[in-house]
Amino acid sequence: MNREIMERLSEHYRLQRAQNAREEERRLREVCEKDGQLAQLIDERREMILGFCKSAVLNPKAEPPQEQMRRYNREIRERLRLDGFPEDYLEPVYRCPKCRDTGLMGEEERVQCDCARQILLSLADTVGTQEESFENFNLNLFPETVPEGMEITQRAEMRIIRDLCEAYADRFPAQRPQDLLLYGSSGLGKSYLLCCIARRLSEKGNSVQLVSAYDVIRRMRDAFFGREDDTAELYQADLLLIDDLGMEPMMENITLEQLFHLISVRRSRRLPMVISTNLTMKELKSRYSERIASRLLDSTLCRVVPLKGEDVRLARQRAKSVEEADR
Ligand SMILES: [Zn+2]
């Protein structure tokens, strides 16, 4: 599928999910203001999950407290009903429940949701149909200017980073260090590079999970709240690629502990991760705490690669409009 269309499609879902998260927070506030006892139940349930996540880091084989969880969920639903709310009022909010606003359905085989087809139709007017891969990587999209604080042009720098990512994929699983973290503002090609690595490795027959940080947290939440559990692959895939770390909703401490748990388990199994984030190293530390950030960024285990320069999409748009003006 065309990359620009893909980007616009995922942007659409990203916005939708941000809106969902705001609605979930609003409902939680509303409910807690109305019923103090219910607020306390919700608090207790959160503490329980937190306690489990913390103990699971020390003991990755620990079983989640399913029974207790079900009891809390039952009580909370019951109180919601008594307070005059729908029983599922605090469940995750989705505009399209079929794909949970990801555009993709199905567990084993991910197929496009009807809602995505609708959006794609409205985004029609496509230009080419190239897929993301090292073979299709177009260095010419990157400007030949020298970004502030750098010695070489953005394009020359990108050539180095692309080669580094390709070498990472080709040496896998013997690459050192085992993990890779790409950071820089949006539109610098991070997600594209993740796709390239994922494609190369799945072509080599490795099991690969490429997911947004949002999806990681969503899947973990669903597993905890007993809806469905499709988290196993996150823990087991030969390579886990997490796109856009920092864009997931912060569910108080739960997000932190769940992420920490995932990192710890994969590290203990020596299973590599590739992560992209728009956050700076300083922001990463303040968002995820020193403890998680230093574990993640441990230089013996993770190579940290900064990307700098101008948003490629903007640069391309400008080039296009200059071209049109010249006509
Ligand atoms: Zn859908």
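**Contacts, sheet and helices: a quick chat**

Colleague: Take contacts in the protein between residues at least 6 apart in sequence. How many join residues at least 24 apart?
Modeller: 74% of them do. Two residues are in contact if their C-beta atoms, placed from the backbone, lie within 7 Å.

Colleague: What sort of model is this?
Modeller: A predicted model: local features need pLDDT of at least 70, side-chain atom pairs count only at pLDDT 80 or more, and totals for chains, interfaces and linings use all residues. Numbering starts from 1 along each chain as its sequence is written.

Colleague: OK, how many helices and strands?
Modeller: The protein has 11 helices and 7 strands. Both are DSSP runs, numbered from the N terminus: helices are H or I, at least four residues, and strands are E, at least two. The radius of gyration is 21 Å, close to the 20 Å from the globule rule for 327 residues, so the protein is as compact as a globular protein of that length. That radius is taken over C-alpha atoms, and the rule is 2.2 Å times the number of residues to the power 0.38.

Colleague: And what box do the C-alpha atoms fill?
Modeller: Roughly 65 × 45 × 40 Å, along the principal axes.

Colleague: How many of the residues are buried?
Modeller: 25% of the 327 residues. Buried means 20 or more other C-beta atoms lie within 10 Å of the residue's own; 12 or fewer is exposed, and in between is partly exposed, with C-beta atoms placed from the backbone.

Colleague: Which strand joins strand 7?
Modeller: Strand 3 (residues 179-183), through 5 bridges. Leu180 has Arg303 in strand 7 as its bridge partner.

Colleague: Why is strand 5 called largely enclosed?
Modeller: 7 of the 7 residues of strand 5 (residues 239-245) are buried, so the rest of the structure largely encloses that strand. Strand 4 joins strand 5 by 5 bridges, and Ser212 stands opposite Asp243. Strand 6 (residues 273-277) pairs with strand 5 over 4 bridges. There, Leu241 stands opposite Val274.

Colleague: What about phi at Asp244?
Modeller: Phi is positive, about 65°, although Asp244 is not a glycine. Asp244 lies in strand 5 and is buried, with 22 C-beta neighbours inside 10 Å.

Colleague: Where is the kink centred?
Modeller: On Ser289, at about 120°. The bend is the angle between axes fitted to the seven residues ending at a residue and the seven starting there. Leu284, Tyr288 and Leu296 of helix 10 are buried.

Colleague: And what does helix 2 reach?
Modeller: Helix 2 (residues 36-58) reaches 34 Å from its first C-alpha to its last, close to the expected 33 Å.

Colleague: Last one. Which residues does a cis peptide bond join?
Modeller: One joins Phe172 and Pro173, with omega about 5°. Another joins Arg176 and Pro177, with omega about -10°. Pro173 is in the loop between helix 5 (154-171) and strand 3. Pro177 is in the loop between helix 5 and strand 3 too.

Conventions
Two strands pair if DSSP finds at least two bridges between them. The expected span of a helix is 1.5 Å times one less than its number of residues.
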